[in-house]
Amino acid sequence: MRVRDLFFFVLVLLCPTFVYGACSVANLTRCLDSVCAVNIGANPAARCQYCGSASAGEPTKSTAMKSISAGASAKYTISDKELKKAPSDPGERYVWGTKLCLEKVSGCTPDDVEENYDKLIEQSCTAAGIAADFSVLAKKANEKKTQSTCSAEIEACVIDSKRCLADYRNCESDADFDKYFSECGVLSTGCEEFLANIRTDLSSSRKTIFANAKKLLQNIVASYKSAREQKLSEAQKSCKNNSAKTDCIERVCKSNMKNKCAIGSEHEKTVAEQLCKFYDIACERLK
């Protein structure tokens, strides 16, 4: 069974990082079974129908249907709630389940899935008297893609967190952009005839993002400059009529002086004037 070979490029996009180390085959199998072996006790063909081939027919539906994840540790199984999001197509479900299980079971890779779980799917197909025709899957994988599909696929690859990022900050230079675009073009099989047009579109989008970012920065700088000039103008105005120092003295008297600088408390007024004397220095510099 070579399902991994057909869908590995999808896993590269969806699971770019794997933690390598000792892989627990038991935990990996338990996790994949929670996706592919639903109701296997009553339906030996479950693994084949859920994650093998569409030619195996629809999985048996029953009110007594049981999920492997029911009653099991959630640490290494996919929950019933998550299973509601699982694709119905067996090949897509296989990829979907593999992605989630490689996240749950550390140390495992797609090779571990192929070497240990594919044989269980084959046994399931054999038990049901079905020889899964993977040549059909190979043909499907190599079907002609549209430019729209290729464009979405390559763009997602280019702006991945390990490459350009959504704002293209990692691809300011043409060399970096060309490097990542070429890498994604190779990963997106069946898109060769559209690469030139897609590159033009993405390059244009990238330049637009940079242009808008530069314009935004210029606007921010201009707004700060305007704010500084306005504050300077207001400060100079308050120095001309000495209102800033007068306001300072009034605040000090009101907040810090026992008698509020009232008549007969000239000492308090003198102290307040000394505390606000820095306005004289500041205004001298603003002239």
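Predicted model: local features only at pLDDT ≥ 70, side-chain atom pairs only at ≥ 80, totals over all residues.
# Reading a helical, disulfide-linked model

Visitor: What share of the contacts is between residues 24 or more positions apart?

Guide: A contact means heavy atoms within 4.5 Å. Among contacts with a separation of 6 or more, residues 24 or more positions apart account for 66%.

Visitor: Back to the cysteines. How many disulfides does the count come to?

Guide: The rule is a pair of cysteine sulfur atoms within 2.5 Å, and the count comes to 10. Our opening residue is in one of them: cysteine 108 pairs with cysteine 23, sulfur to sulfur 1.9 Å. Cysteine 23 sits in the loop between α1 (3-14) and α2 (25-36), and cysteine 108 in the loop between α5 and α6 (110-116), so the link ties together parts 85 residues apart in sequence.

Visitor: Is the disulfide of cysteine 23 and cysteine 108 right-handed or left-handed, and why?

Guide: Look at the torsion about the S-S bond: it is about 90 degrees, so this disulfide is right-handed.

Visitor: Which cysteine does a disulfide join to cysteine 31?

Guide: Cysteine 101, with the sulfurs 2.1 Å apart. Cysteine 31 is in helix α2 and cysteine 101 in helix α5, so parts 70 residues apart in sequence are tied together. The torsion for cysteine 31 and cysteine 101 is about -90 degrees, so the disulfide is left-handed. Both of these cysteines are buried.

Now try cysteine 157 and cysteine 184, joined at an S to S distance of 2.0 Å. Cysteine 157 is in helix α9 (residues 147-158) and cysteine 184 in helix α10 (residues 174-187), 27 residues apart. Their link is left-handed, with -80 degrees about the S-S bond, and both cysteine 157 and cysteine 184 are buried.

Visitor: You mentioned α5. How far does this helix reach from its first C-alpha to its last?

Guide: The expected span is 1.5 Å times one less than the number of residues. Helix α5 (residues 90-104) has 15 residues and reaches 21 Å, close to the 21 Å expected.

Visitor: How many of the residues of α5 are buried?

Guide: 12 of its 15, so to speak mostly covered. Among them are Tyr94, Trp96 and Cys101.

Visitor: Which residue caps the N-terminal end of α5?

Guide: Aspartate 89 does, with a side-chain oxygen 3.1 Å from the backbone nitrogen of glycine 91.

Visitor: How do I read aromatic pairs, and how many does a search of the whole structure find?

Guide: A ring pair is described by the distance of the centres and the angle of the planes. Rings of Phe, Tyr and Trp (its six-membered ring) pair if their centres lie within 6.5 Å; planes under 30 degrees apart are stacked, over 60 edge-to-face, and the rest tilted. The search finds 3 pairs, and ring pairs link Tyr168, Phe177 and Phe181 into a cluster.

Visitor: Where does phenylalanine 181 lie?

Guide: In helix α10, and at 6% relative accessibility phenylalanine 181 counts as buried. Leaving aside neighbours within four places in sequence, its contacts include Ile154, Val158 and Leu202.

Visitor: And is arginine 47 buried or exposed?

Guide: Arginine 47 counts as buried, at 16% relative accessibility. Its place is in helix α3 (residues 46-51), and not counting residues up to four places away in sequence, arginine 47 touches residues including Asp33, Tyr117 and Ser124.

Note on methods: Residues numbered from 1 in each chain as written. Heavy atoms only, no water. Helix = DSSP H or I, 4+ residues; strand = E, 2+ residues; numbered from the N terminus. Buried < 20%, exposed > 50% of the residue type's maximum accessible area, 1.4 Å probe, protein only. Polar contact = N/O pair within 3.5 Å; in protein donor to acceptor, adjacent residues only side chain to side chain.
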